[in-house]
Amino acid sequence: YFFNSFTMNNRLLQRVKKWISLFAILSIISSLVVVTPTASAYSGADAPYGKDQTDMLIELEARDPDLAPNFGAPVTRAAFCLMLTKLYEAEAPEDYEPFSDNPNGQWYTDALNACGYYMWMSGRTNADGTQSAMPGNRITRQEVAVMMEAMAGHPGASDVDATLAELPDGASISPWARESVAWAREEGLMF
C-alpha cells in the first residue's frame with residue numbers, strides 16, 4: 001500500500017510540476033513576445049517587469065545569449081527549446097540529430113535535438129526529406145501552443161471551433177495549430 005501511495009503522490013507531484021513549469025514558460029514568453037517593453041534593455045534589479053522570471057532563466061542557464069542584454073528581443077525557436085529542455089532537464093541520445101539546420105557546437109544544438117527527440121517540436125520538411133528546425137526564427141504563439149500540447153501528451157480540445165471563435169484572431173490560426181491553440185485556450189494558457 002505504501003508503495004502505491006508513494007507512486008501516486010510522486011505522479012501527482014510530477015504533473016503539478018509540469019503544469020507550473022508550463023505556466024512559467026508561457027509567462028516568460030508572453031512577457032518577451034506579446035508585450036512590447038518600455039525599457040530597451042534588461043539591467044537586473046531595475047527591470048520594469050519579468051525580472052524574477054528572467055533571473056530564473058539566467059540561473060538555469062536557459063537564457064539565449066543573443067537576448068542579452070536586450071530584454072525586449074523576440075524569442076527564437078532555439079531559445080524556447082533551450083528554456084524547455086533546461087526546465088525539464090531533457091536530453092536526447094548523443095547520436096540523435098533530427099534537424100539538418102542544427103549544426104554541432106551551437107548553444108542550442110542539444111536543446112533542438114532534445115525537443116525533436118521528445119517530439120515537442122517538428123520542423124519543416126525539405127525537398128530532400130530532411131527536417132529543418134529554423135532555430136533563428138521567432139517562435140509564434142501557435143508554435144508555442146503546439147509544443148505545449150505535445151508536452152502535455154496531446155490531450156486535444158473539447159470544441160475547437162467554439163474555442164477558437166473566442167479569440168480575436170481565431171480565424172487566422174493555421175490548420176496545423178488549430179487543435180493545439182484551442183487546447184491552450186481551454187486550459188487558460190493562451191488568451
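How close do the axes of helix 5 and helix 7 come, and at what angle do they cross?

## Helix 5 against helix 7

In this predicted model, the two axes approach within 8 Å, with a crossing angle of roughly 80°. Angles of 65 to 115 degrees count as roughly perpendicular, so helix 5 and helix 7 are roughly perpendicular to each other.

On the helix 5 side, the residues that meet helix 7 are Gln142, Ala145, Val146, Met148 and Glu149. Their partners in helix 7 are Glu179, Ser180, Val181, Trp183 and Ala184. By type, the residues of this contact divide into six nonpolar, two polar and two charged.

## Burial of helix 5

Helix 5 spans residues 141-151. It is mostly covered, with nine of its 11 residues buried. Among them are the nonpolar residues Val144, Ala145 and Met147, but Gln142, Glu143 and Glu149 are buried too. Just after the helix, glycine 153 has a positive phi of about 90°.

Glutamate 143 is one of the charged residues of helix 5. Its relative accessibility is 16%, and the cut-off for burial is under 20%, so glutamate 143 counts as buried. Apart from neighbours within four places in sequence, glutamate 143 is in contact with Arg77, Arg138 and Trp176.

## The largest nonpolar core

In soluble globular proteins, nonpolar side chains tend to be buried together. Here the largest nonpolar core has 35 residues, of which Met121, Met147 and Val181 touch the most other members. Two or more residues each come from helix 3 (77-88), helix 4 (109-117), helix 5, helix 6 (160-165) and helix 7 (178-186). Helix 3 gives the most, seven residues.

Methionine 147 belongs to helix 5. Setting aside neighbours within four places in sequence, the contacts of methionine 147 are Phe80, Cys81, Leu84, Cys115, Trp120, Met121 and Ile139.

After helix 4 comes methionine 119, with a positive phi near 60°.

Definitions and conventions
Residues numbered from 1 in each chain as written. Predicted model: local features only at pLDDT ≥ 70, side-chain atom pairs only at ≥ 80, totals over all residues. Heavy atoms only, no water. Helix = DSSP H or I, 4+ residues; strand = E, 2+ residues; numbered from the N terminus. Buried < 20%, exposed > 50% of the residue type's maximum accessible area, 1.4 Å probe, protein only. Contact = heavy atoms within 4.5 Å. Core = buried A, V, L, I, M, F, W, Y, C linked by side-chain atoms within 4.5 Å. Axes fitted to C-alpha atoms, helices over the stretch in contact; angles between N-to-C directions. Parallel < 35°, antiparallel > 145°, perpendicular 65-115°, else oblique.
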